[in-house]
Amino acid sequence: MTVGSGINRKAVATRVAQRLAGPAEAILGYQEMIVEDLARAGPEDARADAGRVLDAARALSQLVGDIVASGAGDVDEATLRHDLRTPVNAILGYSEMILEDFEPELARGVASDIRAVIAECGRFLSQVDARMDFSHGEGEGESELDAGIAAGLERALAAPALGAEVAAGRILVIDDTKANRDLLRRQLERQGHSVSTAASAAEGLALLETAGFDVILVDILMPDMNGIELLARLKAEPRWRAMPVIMISGLKEKKAVVRCISAGAEDYLEKPVDPVLLHSRVNASLERVRWQRREKEFLARIEYERDRADALLHAMLPAPVIRRLQEGETLIADRIDAATIIFADIVDFTPLVARTDPPLLLKQLAGIFSAFDDLAAKHGVEKIKTIGDAYMAVAGVPDASPDHPQRALSFARDLIGTMQGEVGQGLAIRVGLHSGPVIAGLVGRLRFVYDVWGEAVNLASRLEASGQPGRIHISEASHAALDQLVRAPEAQMPELKGVGRVRTFLVD
């Protein structure tokens, strides 16, 4: 296999360097810890030798890095092996002398780390002794593998980039040097972006107050407020916190890069800025911005749908029952010792159905029941359901309340009053009330409903059916609870279907 192109040659060199970089980085890492440990506690002569090992380890790391940076150039393989062995021999020699001369005085961890350095030197030399052909990659084993990987990289770089086209964005460039601002503006505008410039941090902040931007490019070295301070200001402001900020500076210190990234910068570009790299970083930031917007829109839609679902659920079920469902209850069934059932039925509604157009009838019934719903909310009464032209509600369910009879009576009186007004349109209703124990719970799976059961429900229904239009027919149990609230009740002894003769009262 032959490595022809510059990219391919560089890739082979990188693969070879990777095999060398592992032990070289390990040597440097261990030695840095050894020097730190000896500086805290260790023989002075051992510290000096450890320092020499550290210098050699750094030189070795630099050499390996140069292989990648240069693509191996036209360096002779024998020369390269010699150059790599020189620092390794120094590392081995001084490390072995430290162990030989000072091991009894060394902490156990230091001695163990020195042995690790010696072992990594052996691993490194075994890689150096292997074939390192940067140009042809011919032969068996790792050389063949390196060349194959390099060819694959060349194919990948030659293929069209997926998703490379990014829509133009609104860019703000903040730099105190006019030439830098103009250059960046022209480079970005050539890519179709809309660019605004500011000569200072203060001017940039003023622009942000009046216009919207997708990405900000900020120079670090500025007189009024440096770029790192401006970055902190931007990230502290909720309106601008999510906006990508790319720092641009001639500073080549790693500390400045780390500080910017840790403060929230999206990226860091060194001056002079390569136009291709600038285009790539800006486009990546714009794409991230657009994905964030899509995510916000998606989350807003989810929240909207959730609110709609919650509203529908609250229209179907009492709030306490919804809370219990949300907390994980699957079976909701409660025995309520004392509640008051209310049944209301429109008088002579069946003949009205036969002579009224369906849309008009539905509109009239909807208006009546909507008014009843409002009254239920007003009096703290729970609507259970409508059955044709009948309306069923209960006071004291699902949350027990000692004043359930009083609430039910006030609700019933308002029902009758509402039907006597414009909502009723000349119709009248009968109302029945009975107080007693019930069982309340959630029934069904696909179209579940909250309902109540028990003798109290049956009796309230019979009271409504045997009542009089425009009046409230209450049981003896309800009358006993409402004795102070009803005036001149009319005692009755009706024969109720399925119940028998019972004492009841008609009240207004």
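Reply: Both faces of β3 are covered, with Val215, Leu217 and Asp219 buried on one side and Ile216 and Val218 buried on the other, where buried means under 20% relative accessible area with a 1.4 Å probe, protein chains only. The model is predicted, so local features need pLDDT of at least 70 and side-chain atom pairs pLDDT 80 or more, while totals for chains, interfaces and linings use all residues. Residues are numbered from 1 along each chain as its sequence is written, and side-chain values use heavy atoms, leaving out hydrogens and water.

Me: Why two sides within one strand?

Reply: In a regular strand the side chains alternate between the two faces of the sheet.

Me: OK, and in what order do the strands of the sheet come?

Reply: The open sheet has 5 strands in the order β2-β1-β3-β4-β5, with parallel pairing; strands are DSSP runs of E, at least two residues long, numbered from the N terminus, and two of them pair if DSSP finds at least two bridges between them. Because β2 (194-198) and β5 (267-270) each have a single partner strand, one side of each is left without a neighbour in the sheet.

Me: Back to β3, what does Val173 stand opposite?

Reply: Val173 stands opposite Leu217 in β3, and Ile174 has Val218 as its bridge partner.

Me: And how many bridges does β3 make with β4?

Reply: β3 and β4 pair in the parallel sense over 4 bridges, and Asp219 stands opposite Ile248 in β4.

Terms used:
Buried < 20%, exposed > 50% of the residue type's maximum accessible area, 1.4 Å probe, protein only.
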